[in-house]
Amino acid sequence: MNVGRVKRSPSFGVGLDMPWGRAPGFVTAADRRDVASADVAAFVDGHADVFDHVFLSWQPKDRSRLDARAFFDAYDDFFARAAPRYRTRALHHTALNLGALEPYDRSELYALTNALIERYRFEWVNEDLGIWSLRGKPLPYPLPPYLCDDGLKAAVKNVSEAMSALAAPLLVEFPGFAEGTSLIFGDWHAYDFFDALAEETGALVTLDTGHLLSYQWLRGARGDALLDDIERLPLDRCFEIHLSGCAVRESRFYDLHDGTLLPEQLALLDRLLESCPNVRAVTYEDPRFLADGTLRPENADSLRQLVERAQAWGRA
Amino acid sequence: VTLDEALYALLFKRSARDALARGDASRFGAAAPFVASLCLDELEESARAATTEILLRSQRGCGSIANAFARTIAAWKASTGSSLDALAEAFAESAPFDAWNALPTCSGGPCVEEAFFDFLESVGAGTPSTREAEYAVAVLRALLCEPAPTFRLPRLVLRRGEDYVVPLSNGRAFVATRGDKIVVGELSARRTIEGAPPLLH
């Protein structure tokens with residue numbers, strides 16, 4: 001597998017959702033510049049000896065025309081003040097709408113993203129294979145792609161286009177399946193669909209443990225069966241594994257992004273690390289921290305277990 | 001009917017969901033076999049989340065539609081005995097909703113504040129004076145928060161040099177001026193509207 005210019009050595013990192021206008025995220029300073037909130041800066045800088053890489057989740061800032069320069073203040077501040085010691089940086093997109101069937105003009109998004117890639121030397125761009133909007137209407141959460149032949153054809157076209165247009169490798173992420181709110185069109189098994197997509201596009205992929213478990217949960221799997229079927233995934237194309245906090249409440253699976261991992265996520269991580277020969281990055285997504293940047297106590301055990309696994313993986 | 005057209009209709013149009021609940025999947029054409037297998041309860045939950053979120057979603061510097069039109073929404077709820085979910089559903093069913101594009105890549109249409117105002121006008125929600133005043137403040141804030149807005153200039157807004165002005169039907173007007181501080185106020189007094197939250201600039 002050609003991993004292009006992406007890194008070759010194992011990397012354990014952190015991924016951060018960065019909403020605009022509230023902490024933790026990007027906020028407006030007294031001089032009206034956009035800056036990283038103090039808690040984010042303290043957490044990221046304070047864990048530079050724990051994490052090798054960092055990714056930021058890109059979100060539209062406002063309703064102005066897309067212009068990368070509007071993001072420079074915030075990103076400059078983040079990388080100068082919070083992450084100067086992180087040599088490996090990546091971007092998580094949220095607007096490429098890779099599962100869309102309808103025409104969707106991404107040209108301005110590509111231009112903006114490429115300007116950010118160039119300025120901040122992002123080594124890869126990650127994006128869920130989801131439907132983020134419909135006919136210009138935002139959705140509260142990305143829906144899974146249309147799991148049918150037409151949906152696969154559209155997704156292959158979208159991903160191929162994005163791979164060509166972006167100035168960094170695109171990692172396509174297996175999408176989440178929220179019970180009760182993920183409308184599933186089509187009868188493809190989502191693992192087979194994702195495998196076919198990776199095969200036809202040649203894309204590198206991200207496997208999110210919460211997203212994989214959410215799909216199996218939705219299909220009725222419980223216990224050890226939640227880890228079944230991973231051989232149906234494009235394991236040899238997996239470059240990155242994501243872990244964000246999940247929970248099961250009243251028989252529902254929730255991808256909460258609260259930093260507290262389920263035992264099943266760690267078990268799945270172990271399985272994936274054994275099965276994915278080209279994985280290079282393991283990313284802890286959206287840990288929760290206090291105002292002074294210290295990790296919330298309820299996340300401590302999750303991070304400790306991840307660090308142990310990352311160290312063993314790095315040695316291997 | 002394509003799959004995305006069917007999904008759009010099912011998420012945002014009560015009429016489409018009602019048709020499916022009646023067993024009438026034929027209106028979805030080629031998408032009918034896919035639509036027929038959907039769980040109606042999950043569909044309702046998804047639709048409620050998608051539509052109500054549009055009224056609750058905060059725009060940076062402007063707040064949410066629910067806050068911007070709080071008095072008109074309260075009046076509509078009181079007169080109809082209905083919930084915010086029902087209002088969101090009615091808005092989503094309307095033509096002004098279809099005309100609105102939220103995304104940066106879908107430029108040139110009305111902003112959500114204008115689309116919602118047009119909907120409120122069409123159903124006669126609240127009083128005309130309150131509706132108009134809430135609209136004026138909402139669209140002026142939206143304009144001042146966006147250096148290069150992707151939405152069109154709202155149709156009741158006039159440019160006066162650097163100012164944006166919304167004349168009201170009662171002869172008053174609201175004005176927005178960009179300066180050291182952003183001020184949204186009555187044209188004659190140039191004062192900040194009482195009780196309005198600060199803009200995030």
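Predicted model: local features only at pLDDT ≥ 70, side-chain atom pairs only at ≥ 80, totals over all residues.
We can begin with the strands of chain A. Eight of them form a closed barrel, in the order β1-β4-β5-β6-β9-β10-β11-β14, with parallel pairing. From one strand to the next, the twist averages 25°. One of the pairings in chain A is that of β5, residues 88–92, with β6, residues 122–128, where three bridges hold the strands in the parallel sense. Within this pair, Arg89(A) has Phe122(A) of β6(A) as its bridge partner.

Helix α8(A) covers residues 297–315 and includes Ser302(A). With a relative accessible area of 5%, Ser302(A) is buried, because the cut-off for burial is under 20%. Leaving aside residues up to four places away in sequence, the contacts of Ser302(A) are Gly259(A), Thr260(A), Leu261(A) and Tyr284(A).

A further pairing in chain A has the opposite sense. Strands β7(A), residues 131–134, and β8(A), residues 137–143, run antiparallel and are joined by three bridges. Leu134(A) faces Lys137(A) of β8(A) across this pair. The hairpin leaves two residues between its strands, and Arg135(A) adopts a positive phi near 45° there.

Several loops of chain A carry backbone geometry worth a look. The loop between β1 (11–17) and β2 (26–28) of chain A holds Pro24(A), and the peptide bond from Ala23(A) to Pro24(A) is cis, with omega about -5°. Ser251(A) sits in the loop between β12 (247–249) and β13 (252–254) of chain A. Although Ser251(A) is a residue other than glycine, its phi is positive, near 70°. Ser251(A) also counts as exposed, since its relative accessibility of 54% passes the cut-off of over 50%. A positive phi is found for His257(A) as well, at about 55°, and this residue is not a glycine either. His257(A) belongs to the loop that runs between β13 and α7 (263–275) of chain A.

Turning to chain B, its secondary structure consists of ten helices and four strands. Read from the N terminus, the order is α-α-α-α-α-α-α-α-α-α-β-β-β-β. Chain B has 201 residues, and 50% of them count as buried. Its accessible surface comes to about 8900 Å², and carbon and sulfur atoms account for 52% of that area. When contacts in chain B between residues at least 6 apart in sequence are considered, 54% link residues at least 24 apart.

One helix pair in chain B can be followed in detail. Helix α2(B), residues 14–21, packs with helix α4(B), residues 40–56, at an angle of about 175°, and the axes are 11 Å apart. The two helices are therefore roughly antiparallel, as angles over 145 degrees are counted in that class. On the α2(B) side, the contact involves Arg14(B), Arg17(B), Leu20(B) and Ala21(B), while α4(B) contributes Leu40(B), Leu43(B), Glu44(B) and Ala47(B). Sorted by class, this contact between α2(B) and α4(B) comprises five nonpolar and three charged residues, with no polar ones.

Technical notes. Residues numbered from 1 in each chain as written. Chains lettered and ligands numbered in written order. Heavy atoms only, no water. Buried < 20%, exposed > 50% of the residue type's maximum accessible area, 1.4 Å probe, protein only. Contact = heavy atoms within 4.5 Å. Areas by Shrake-Rupley, 256 points an atom, 1.4 Å probe, with all protein chains shown as cover. Pairing = 2+ DSSP bridges. Axes fitted to C-alpha atoms, helices over the stretch in contact; angles between N-to-C directions. Parallel < 35°, antiparallel > 145°, perpendicular 65-115°, else oblique. Nonpolar A, V, L, I, M, F, W, Y, C, P; charged D, E, K, R; others polar.
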